[in-house]
Structure formats: structure tokens, C-alpha cells
Amino acid sequence: MVIPLTTLTVTTSVPVQAKEPSIYSHMATAQPIWAKHGMVSSQEALATQAGVEILKQGGNAVDAAVAVGFSLAVTLPRAGNIGGGGFMLVHLANPKKTIAIDYREMAPSSAHRNIFIGDDGEPVKKLSREHGLAIGVPGTVMGMELALEKYGTMTMKQVTQAAIDMAQNGIEVTPDLQSSLAGLKRRIAQWPSSAEIFYKADGSNYQAGEILKQPELAHSLGLIAKSGSKGFYQGETAEKIVAAIGAAGGIMTLDDLKNYKVIEREPVVGDYRGYQVVSMPPPSSGGIHIIEMLNMLEAYPIDKLGHNTAATLHLMTEAMKRAYADRSEYLGDPDFYDVPVKALISKDYAKQLAKQISADKATPSSEIKPGKLAPYESDQTTHYSVVDKWGNAVSNTYTLNFSYGSGLVAKGTGILLNNEMDDFSAKPGTPNGYGLVGGEANAVEANKRPLSSMSPTIVMKDGKPYIVTGSPGGSRIITTTMQIIMNVIDHNLNIAEATYAPRVHHQWLPDLLRVEHTLNQDTQTILKAKGHEVKVNNAIGSTQSIMVSEQGIFGASDPRRAGSQTLGY
């Protein structure tokens, strides 16, 4: 049975009244962190504290966000970085404006379509993952600098000081850091320059509670503090990066670094039940598909169907499949490919897609749009959110791609280098390292930016930031971010409840509905009866979210990853 859209369309022109949480609610099953003035939510406690310290010193949300970004390069080396790239969404309270900063990595100028193809005509995985060819031109340092110079109030020296101090004096190894370094020793220790930083002189692992010092990284950060992005893209650091990449078989040149550019883009903007959803445009696919899925789901009375019921999750899954099918075909770097943004986020298009959804029966992915697969991306990205006392907000997601990127530290710099070239479609129509299938729009090309799922997002209410959120999780970022938004707007959950709730994910191909083990067994059984192939899998995402209300600022770090912290003042 297909539910007629006419009977289910919600026709509200004002925001649905998601209940403003009081500071202490006896109904709540999880309590968020509360603050009066400002807040930082990140995946690592020391970095969060560095950001809050900047806010206390009078810095704005951008100053704090840049401080967090540099600090995470020291304290969360698997994803925090200066050798990678990402996306930052900046909302300025005055003037009321939101800017999307694209500091995604770029392919070197001599990269070409068949760079990762072997003699047999198939992609060679090692070349795009653990090799000099895997490394894209990093964007993080220039992205942070642009944000700071245009929208911040402090100097580079001020916002990098905490990171420099932590790298120089050392940080205490957390159980989380110990575990990740031990677990990925093969990939990291294959590079002597990396092994000498992240493992002891005798080759043994660091244990929780021991001190990890990174003096070379402190030096590299010091050059940035002194000379800004020129201290990274030119001179000593640049020469060492190019030498290391060349020794590993790569093709990046000094000119590739010198010519890197950050791009400010117009965010993609949608409307969901009267709230404005502002997110990242291409080469991120995140914003478009969050809005596309919400547009499909707006036709249904999700609040009445209930939170995480089989009826609601079925509709969400069907929307996910259709959005990810579109992702595989239409998304790429907009500077190289004409992405049909307006068409994909139009309400009329969503209505056409929603008409295909049956309320009782799963549509097999093969019937939606067969053939062109979409790649799994690494979940080793990291997200953080910042809000200040003036109403400015920053949502930032950045990454090295795989955990610790390529694993290669450029000798003498302490800088881990990304393996972001793996996010291109090495051979259009075949899955990448994350099972996502990419099309021609995401083929390798010189100076092009690979497609990403990173989705820093700000939901606005009455023109002001209401929810600031985002997540790591590769292809699962988009569905995770959508679930946070729906949990608050449709189901009136506070930001902690919205964060802790079980999650699901479907990416069209493979035709699997991935669910967390905490999802109710009866619900799973009903979903299977509707025709979904349900698979209990690893935890999904690691959101760092802030919600602004009349009662103050509320925040929550995802309990799915150890070591994160939300803190305000």
C-alpha cells in the first residue's frame, strides 16, 4: 500500500514547537551539558578545553574553532590534522550570514584519471591508501587561516599556543589513543618517520598514562604561528613534505602546495517543518542529501509515527536509499562538474521520490537505480561545534581520511599526511575503500577535490542558530546528521537524548540496513518483515552537538567514542 501524500503532508509554515528543554527536566532520559555564555563540543577533551579557554579570553566562535582545530592535530592524531582537509560552516550573528569554507584537499597537478589503475585494468588499493600517490594537497592550515583572518578576532599566535604547548610538553596518552595506536601499528610503523613518533625507541607501544611528546610537530606549528599559512605551504615545512611524498612514490610538488586555494561557497539551504537547514555544498555531498531526505520525509507525520518505530525507520531507510542512489551519479567537485543542486533539493523532486515509497514494503535497491555504486568512506573523521556569547556559531568537520591518513609522517615535521586521494572514484562504477560507488563526476583529475560526505550543519530557528551539529563516519555522516535533526524537531528530544538514541544507516548499495545493537529487537523483526535486510553492525557516528535555547546553551558529546567532551562557561 502506498500512503497517499495528500493525506500525510504537513502544512506548517511556522516551526513545529520542539519543546525547549529546561535546564533540568524530569522527563529526560539523558541530560545535556548546560552553559550560559559559550560552548565547545569536540571529540577530545584537551582540545575542547583549549577552545573554551579562547572563549573565556574574549575570542569569538571562529577563534575558538581554529584553536580546537590545531589542538586536535596534537591530541587526536588519527583524525585531527594539519596534513588533511575539511569543511567549516561559519554563522555570523552580525551580519546574519552563513559562510561555507571549503578547505578540502586537492589532487596534485600531475594526477590523472588512471593514476591508481594497475596493468590488469583494475584499481590497486595500496596506491590510493598507503603510498605517496594517496596524498592530496592539504587544505587545513589555509582553511583555518582564512576563517581566522576574515571572521576571527585573534592572532594565529594566540590560537595556536595551546596546540604548540601540548606538542612540546607532551600529552598524557589516553586509553583511546593507546588503543588506536596499537591497533593500527602495521599501517603507521611501516614508515620509520612515523614509528619514531608514535612508538617507543624499542618499538613498544605507549601505555595509557604515559607522556607522548611531539617536538617536531610543535616546531611546525610554531612556523604557522609566526608566518601563517606560508609557514606550511612554503619554505622548510613544504620542502620536507614534498621530499617525504616523493620518497614514498608520490608526485606532489612545491608548486602544488604553493598554489593550493581555499574556496568560500554558498551553503545549501533547505526547509524542514519551518526550520532552516544550512549545510555544506559540493564537493561535500552531505548537505544536499540531508535536505533531499528531509524533503521526502516531510510528507509524513513522523512525530505521530513515533521515535525509532519500525514505521518511522522504514520511511527513513527508503529515503536514504534514494538519496544515496543520486549521490553516486550526480555529485562531484562543482569546479569541474555541474552538480544539479537545485534539482536535487527541490520539494517537487522529493514529492516524486516519496510517491515511490510503499508504507509496508522495502523497495530493493536494484529497482531504485541499479549499476553505479557509491564508495564507503573512512569513519576516522572528526567533527566539532562551537557557539559563542554573541550568537556566532561554527560547525567544522575535517579528516585525514583513513585513521592516521596514509600513516606517513613527513620526516622532520611531525605532520601526518592524508590519503584523501582514495575518495576519488579510481575506476568510476566500482566501489572505493568504503564500499561507496562513484561515478564519472568523481573521477581523478588534476587539481580536483574528491567528493566527501562531511556534513557540518547548522539548523536555524527564527534566523538564529538552533542546532549546531555534525559527525565523522564516512558515508554514515549524512544519515547520522539527519537523525540528530529529526530526533530534536520531530520527536522533541533534548540534544543529549537525540545524541544517545540508536541509529540506522542505508547507503543504497550494498542493499543492507545497518543498525546499532541497541535498536529494539521487535523493531528489527518488523523491519525484516517489510523486506529490509537488517544487519547489526558497529556504532554509527560520533556527533558533537550544541543546541541554543532561551534557557541557555545545551550540548552533548557522543558516548560512542571515548575521550570526547562538551564544555561551556
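1. Let's start with one side chain. A polar atom of the Asn419 side chain sits 3.1 Å from the backbone nitrogen of Phe402. Keep in mind as you look that this is a predicted model. The Asn419 side chain also has a polar atom 3.2 Å from the backbone oxygen of Arg129.

2. Where is Asn419 in the chain? Look in the loop between β13 and β14. Asn419 has a relative accessible area of 0%, and anything under 20% counts as buried, so Asn419 is buried.

3. Setting aside residues up to four places away in sequence, Asn419 touches Ser128, Arg129 and Ala134, along with Arg187.

4. The unreviewed UniProt entry lists a "binding site" made up of Arg104, Thr399, Leu400, Asn401, Asp423, Ser452, Ser453 and Gly474. These residues are spread over 371 residues of sequence, yet they cluster in space, with a largest C-alpha distance of 14.5 Å.

5. Take a closer look at two residues from that record. Leu400 is in the loop between β11 (393-399) and β12 (409-410), and at 0% relative accessibility it counts as buried. Asp423 belongs to the loop between β13 and β14. Is Asp423 buried or exposed? Its relative accessible area is 3%, so Asp423 is buried.

6. Leaving out neighbours within four places in sequence, Gly439 is in contact with Ser328, Ser425 and Pro428. Gly439 and Arg327 are 112 residues apart in sequence, but their C-alpha atoms are 8.9 Å apart in space.

7. Last, a pair of helices. The axes of α6 (residues 156-169) and α10 (residues 215-227) come within 8 Å and cross at roughly 170°. Angles over 145 degrees count as roughly antiparallel, so that is how α6 and α10 run relative to each other. On the α6 side, the contact is made by Met156, Lys157, Thr160, Ala163, Ile164, Ala167 and Gln168. From α10 come Pro215, Leu217, Ala218, Leu221, Gly222, Ile224 and Ala225.

Terms used. Residues are numbered from 1 along each chain as its sequence is written. This is a predicted model: local features need pLDDT of at least 70, side-chain atom pairs count only at pLDDT 80 or more; totals for chains, interfaces and linings use all residues. Side-chain values use heavy atoms; hydrogens and water are left out. Axes are lines fitted to C-alpha atoms, for helices over the stretch in contact, and angles run from 0 to 180 degrees between N-to-C directions. Helices (H or I, at least four residues) and strands (E, at least two) are DSSP runs, numbered from the N terminus. Angles under 35 degrees count as roughly parallel, over 145 as roughly antiparallel, 65 to 115 as roughly perpendicular and the rest as oblique. Contact means heavy atoms within 4.5 Å. UniProt positions are given in the numbering used here, feature names are shortened, and annotations may be inferred rather than shown by experiment. Buried means under 20% relative accessible area, exposed over 50%, partly exposed in between (1.4 Å probe, protein chains only). A polar contact is a pair of N or O atoms within 3.5 Å; within protein, one must be able to donate a hydrogen and the other to accept it, and residues adjacent in sequence count only if both atoms are side-chain atoms.
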